[in-house]
Amino acid sequence: MRTLLIHGASCIATLDHADPARGRELPDASLFVRGHVIEWIGPAAELPPTLREAADETIDARGHLVTPGLVNTHHHMVQSLTRAIPGVQDAELFAWLRGLYPIWAGLTPEMVRVSTQVAMAELLMSGCTTSSDHLYLYPNGVRLEDSIAGAQAIGMRFVATRGSMSVGQSAGGLPPDAVVEREDAILKDSQRLIETWHSAAHGAMLQVALAPCSPFSVSPALMKASAELARSFKGQGVRLHTHLAENDHDIAYSREKFNRTPAQYAQELGWLGDDVWHAHCVKLDDEGISLFAASRTGVAHCPCSNMRLASGIAPVRRLLDAGVPVGLGVDGSASNDGAHMVNEARQALLLARVGRALQPPEVRNGKTFFGCDLGPAEMTARDALHLATRGGAQVLGRSDIGHLAPGMCADFALFDLRTLGFAGGAVHDPVASLLLCASPPAAYTVVNGRVVVREGQLSTVDLGPLVERHNRLARALAEAAR
């Protein structure tokens with residue numbers, strides 16, 4: 001097995017404790033990888049000479065911060081083809097979807113493969129090593145294998161979700177009838193994909209989850225059947241994912257169609273549990289938070305998308321304090337227009353603080369506290385990094401990623417603290433600087449022991465031709481819809 005030594009890092013932030021304030025941060029430290037796992041981590045001065053001599057490759061990490069690989073829990077990678085597209089730049093969620101569905105109906109297998117690699121390249125170059133993707137449109141011969149092929153070529157750890165839409169406009173749903181599928185075909189393909197591609201092994205590079213798109217695009221029957229199918233693979237860790245409680249229109253639709261809040265609807269369908277994670281949950285009420293906490297249901301927090309679509313501010317601190325697992329998601333590139341995971345964590349930090357300032361006064365022990373009185377402590381830099389790493393791993397049901405320790409997958413990122421964005425910050429607190437200063441690119445990103453970003457450059461695919469091909473496909477997709 002190949003070996004890799006990360007030697008003499010200025011700081012290694014291990015995130016090796018459930019409490020972000022107690023995770024070890026090791027100055028002048030080294031990390032040794034054998035094969036796909038971390039074998040040793042500790043002060044550089046204590047590195048056994050035998051390990052130093054055994055390294056097939058040594059990366060001089062002086063002046064660098066090492067973090068666990070970041071974990072992205074919600075994305076729609078094909079949407080990188082429709083970033084900043086005119087007509088929906090200033091729309092809220094439902095209008096945004098109605099404007100884009102007719103364009104996405106023209107997706108081809110090549111578009112899915114290429115856009116997956118572009119989205120993953122952006123993630124990898126920001127230090128993200130694991131990502132889920134929610135592909136819920138399958139027109140023109142598209143299969144989930146098109147996403148899987150893109151991930152395998154670029155070298156990213158991947159949770160591929162078999163999304164679906166089955167209720168079109170004629171049946172009271174939001175999507176056009178032309179982009180929905182028959183429910184029996186969805187379930188048959190879902191079973192095929194799990195049996196073909198899903199792995200429950202330690203260090204699995206590919207897993208499959210089932211992800212009916214949303215309460216306004218699939219039937220209750222499909223939600224229930226998908227949950228039953230996933231859970232029939234007992235002990236295999238097949239997870240469930242969907243969108244929930246994203247904005248006020250989402251809440252209104254759920255009440256009108258189902259006479260339930262989204263959380264109540266999820267409970268009724270069997271869509272609460274430690275094998276389930278929901279995207280957004282911006283409008284989750286107190287009852288919903290309690291239901292999620294009691295069942296250990298996870299949340300993918302997507303701050304940039306929520307701001308872009310003016311959906312609102314998710315109650316992240318209340319979720320965390322209640323014990324709800326929370327990770328971060330960059331969401332679709334067309335609702336975020338970016339896929340930079342450090343930036344997503346920074347936005348989570350900032351949005352939580354301004355969200356606190358906007359909350360109404362609280363009376364405690366006879367004293368009145370305004371939101372700003374509680375302000376910046378609502379989310380610390382280390383809290384945000386925890387969401388982006390260990391929190392995301394928990395949401396995806398992975399105990400083998402998200403922090404750095406012997407036996408864990410060799411997924412981590414190095415950030416050069418000597419660059420402009422860290423000037424005057426890293427000398428005081430390199431970990432906080434990663435989140436508080438301008439969001440930097442990763443100098444190195446390592447996935448499963450393989451260096452996939454080296455000195456800021458992607459090393460697995462040629463990025464120039466990939467971006468050129470992606471731009472040609474993006475133009476063709478938009479022109480075909482005109």
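View 1. Of the 124 residues in the largest nonpolar core, Trp96, Leu97, Trp104 and Phe292 are the ones that touch the most other members. A nonpolar core is a set of buried Ala, Val, Leu, Ile, Met, Phe, Trp, Tyr and Cys residues joined through side-chain atoms within 4.5 Å, where buried means under 20% relative accessible area, exposed over 50% and partly exposed in between, with a 1.4 Å probe and protein chains only. Helix α3 (residues 109-124) gives this core its largest share, nine residues; helices (H or I, at least four residues) and strands (E, at least two) are DSSP runs numbered from the N terminus. The model is predicted, so local features need pLDDT of at least 70 and side-chain atom pairs count only at pLDDT 80 or more, while totals for chains, interfaces and linings use all residues. Residues are numbered from 1 along each chain as its sequence is written, and side-chain values use heavy atoms, with hydrogens and water left out.

**View 2. Aromatic pairs.** The structure holds six aromatic pairs, in which rings of Phe, Tyr and Trp (its six-membered ring) have centres within 6.5 Å, with planes under 30 degrees apart counted as stacked, over 60 as edge-to-face and the rest as tilted. The ring centres of Tyr101 and Trp104 lie 6.2 Å apart and the planes stand at 80°, so this pair is edge-to-face. Both residues belong to helix α2 (residues 93-104), three residues apart, or about one turn of the helix, and both are buried. Phe258 and Tyr265, by contrast, form a stacked pair, with 3.9 Å from centre to centre and 10° between the planes. Ring pairs also link Phe94, Phe216, Tyr253, Phe258 and Tyr265 into a cluster.

**View 3. Ile85 and its contacts.** Ile85 is found in the loop between β6 (70-72) and α2, and it counts as buried because its relative accessibility is 14%. Not counting residues up to four places away in sequence, Ile85 touches Leu100, Ile103 and Ala478, where contact means heavy atoms within 4.5 Å. The C-alpha atoms of Ile85 and Asp337 are separated by 9.7 Å, although the two residues are 252 residues apart along the chain.

**View 4. Where α8 meets α9.** Ala263, Gln264 and Gln267 in α8 meet Glu287, Gly288, Leu291 and Phe292 in α9. By class, this contact has three nonpolar, three polar and one charged residues; Ala, Val, Leu, Ile, Met, Phe, Trp, Tyr, Cys and Pro count as nonpolar, Asp, Glu, Lys and Arg as charged, and the others, Gly among them, as polar.
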